[in-house]
Amino acid sequence: MGSSTQSMKKLAEYTGYSIASVSRALDPRRSHLVKESTRRKIKEAVKTLNFSVNLSARRLKIQRTEVISVALLRTPFEGKCFSHEFASNAQSSDDIQRLGEAARQYGYDLKLEFFDEDTPLPEQFFDLNRTDGIIFCAYCGEEYAKLLAQSGIPAVFMSRYIDISRRDRPFVGIDRSRGFRQAVAELTAAGMKNIGWVGIPRTSYSRNSRILEELLNRENLYCEENFHDVQDYYQLRQVVDDLARMDAVFCGNDVIASWVVRELRARKIEREPLIIGYDNDPSFHSQSEFDTIGHAGNPLPELAVKMLDGIIRQKDNWQGNKFQVVDSEYIKRRNINHGGQK
C-alpha cells in the first residue's frame with residue numbers, strides 16, 4: 001500500500017469518503033469546501049499510503065473540469081415591463097445556495113457568472129476546458145442557443161416562470177396549474193366569488209394570469225375589471241381601493257403580495273381580502289399576512305444539477321428525461337374564513 005501510484009479510488013476506499021470528497025480535500029482551490037476534520041484524515045491517509053496526487057492528470061483522464069457554471073442576469077428586470085421593486089432577491093439567493101449544495105453533492109465546484117443585456121456572456125464562458133456544463137437561471141439563456149450548439153457544451157435551463165409547454169431544450173421548472181386549481185377550489189368552496197388579480201402588465205407570455213383567468217371562466221367568475229396590471233409601486237397604490245372590495249386577490253409574486261398587504265393595512269381596511277402570492281419567497285416564510293402558490297421545498301436547483309450531471313456523464317443518454325417539472329401547491333398561511341369572507 002506504500003506505492004505512489006495508488007489511485008484516487010484506493011484512497012477513497014481507505015478513508016471511507018467519496019472520490020469527490022477526496023478530490024476536493026486535496027485540491028487547494030476547493031479544500032475549503034471540506035470540513036477540517038475530513039481534510040485532516042485524508043491528508044494523514046496520503047502520508048500513510050505514500051500517495052502522490054496529480055489533479056490535473058486526473059481531470060485529463062476523466063475529461064472533465066469538475067466545474068459547472070451558473071449564468072444569472074444581474075438586472076433581470078431592467079428594460080422589462082415592470083420595476084425592480086417587484087423582484088425577489090431572496091429567491092435568487094436561495095437558488096444559488098441550493099445550487100452550490102447540490103453541486104458539491106455531485107462532485108462539482110460552482111462558478112457563478114453575472115451578466116447583463118449590455119455586456120453579454122464572454123465566449124470563453126462556453127469553453128469545455130473551463131467548465132463541464134452550464135445552468136441558466138430564470139430569464140436568461142435563450143439568446144445563446146447558437147453558441148451552445150457550436151461549443152457542444154451541456155446546458156440546463158431552470159425557471160419557475162418560463163412556459164413549461166416548450167420541450168426543445170433541457171429544462172427544470174414548476175407546473176403552476178395545480179396550485180392555482182387548489183386555491184380557486186378552496187375559495188369558491190368558501191363562497192368567495194369576487195376574485196381578482198394584480199401583477200406585472202400581461203403579455204402573450206404571461207402564464208399565471210392566464211391560468212387564473214381560465215379557472216375563473218370555468219366557474220363563471222371571471223371579470224376583466226378585477227384584473228389589474230401594475231408596473232411599479234405607485235401604480236399599485238392607485239388600484240388598492242379596487243382590490244380592497246374583492247374577496248380574494250391573486251398577486252404576480254410574493255413581493256407584490258407583501259406590497260398589497262402593507263397598503264391595505266396602512267389604509268386600515270376593515271375587511272381585508274384574502275391575498276395570495278406566488279413563488280413561496282423565503283423572505284416571507286415566517287410571515288402569515290398572505291397565502292402563496294409554489295413549492296415548499298424548492299427542489300429545482302438539485303434537479304437541475306442532477307440533470308446536468310446526467311447529460312455530462314451521458315448516463316443512459318438521458319433520453320426522454322431532459323424535461324422535468326414539479327407540481328406547485330397552494331400554501332396556506334391564513335384561515336380562509338378570515339380574510340375575504342363577507
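Two strands pair if DSSP finds at least two bridges between them. Helices (H or I, at least four residues) and strands (E, at least two) are DSSP runs, numbered from the N terminus. This is a predicted model, in which local features need pLDDT of at least 70 and side-chain atom pairs count only at pLDDT 80 or more, while totals for chains, interfaces and linings use all residues. Residues are numbered from 1 along each chain as its sequence is written, and side-chain values use heavy atoms, with hydrogens and water left out.

**Four-stranded sheet**

- Four strands in the order E7-E6-E8-E9 make an open sheet with parallel pairing.
- Strand E7 (227-229) and strand E9 (274-276) are the edge strands, each pairing on one side only.
- From one strand to the next the twist averages 20 degrees; angles run from 0 to 180 degrees between N-to-C directions, and axes are lines fitted to C-alpha atoms, for helices over the stretch in contact.
- Four bridges link strand E6 (residues 195-199) and strand E8 (residues 248-251) in the parallel sense, and Val 198 has Cys 251 in E8 as its bridge partner.
- Helix H9 (residues 233-244) packs on this sheet and touches E6, E7 and E8, where contact means heavy atoms within 4.5 Å. The direction of H9 makes about 170 degrees with that of E7.
- Helix H10 (residues 254-266) also packs on the sheet, touching E6, E8 and E9, and its direction makes about 160 degrees with that of E9.

**Six-stranded sheet**

- Six strands form an open sheet, with parallel pairing, in the order E2-E1-E3-E4-E5-E11.
- Its edge strands, each pairing on one side only, are strand E2 (109-115) and strand E11 (323-327).
- Neighbouring strands of this sheet are turned against each other by 20 degrees on average, direction ignored.
- Strand E1 (residues 67-73) runs parallel to strand E3 (residues 133-137) and is joined to it by four bridges. In E3, Ala 71 has Phe 136 as its bridge partner.
- Helix H5 (residues 89-105) packs on the sheet against E1, E2, E3 and strand E4 (155-159), and its direction makes about 150 degrees with that of E2.
- Helix H11 (residues 300-313) packs on the sheet too, touching E1, E3, E4, strand E5 (171-175) and E11; its direction makes about 165 degrees with that of E4.

- Five of the five residues of E3 are buried, so the strand is largely enclosed by the rest of the structure. Buried means under 20% relative accessible area, exposed over 50%, and partly exposed in between (1.4 Å probe, protein chains only).
- Gly 133, Ile 135 and Cys 137 point one way from E3, whereas Ile 134 and Phe 136 point the other way.
- Ile 134 is the bridge partner of Ser 69 and stands opposite Ala 155 in E4.
- E3 and E4 pair in the parallel sense over four bridges.

**Helices H1 and H2**

- The axes of helix H1 (residues 8-15) and helix H2 (residues 19-26) come within 9 Å and cross at roughly 100 degrees. H1 is therefore roughly perpendicular to H2, a term for angles of 65 to 115 degrees.
- Met 8, Lys 9, Leu 11, Ala 12 and Thr 15 in H1 meet Ile 19, Val 22, Ser 23 and Leu 26 in H2.

**Cysteines**

- Zero disulfides are found in a search of the whole structure; a disulfide is a pair of cysteine sulfur atoms within 2.5 Å.
- Cys 137 counts as buried at 8% relative accessibility, whereas Cys 223 is partly exposed at 29%.

Methods: Angles under 35 degrees count as roughly parallel, over 145 as roughly antiparallel, 65 to 115 as roughly perpendicular and the rest as oblique.
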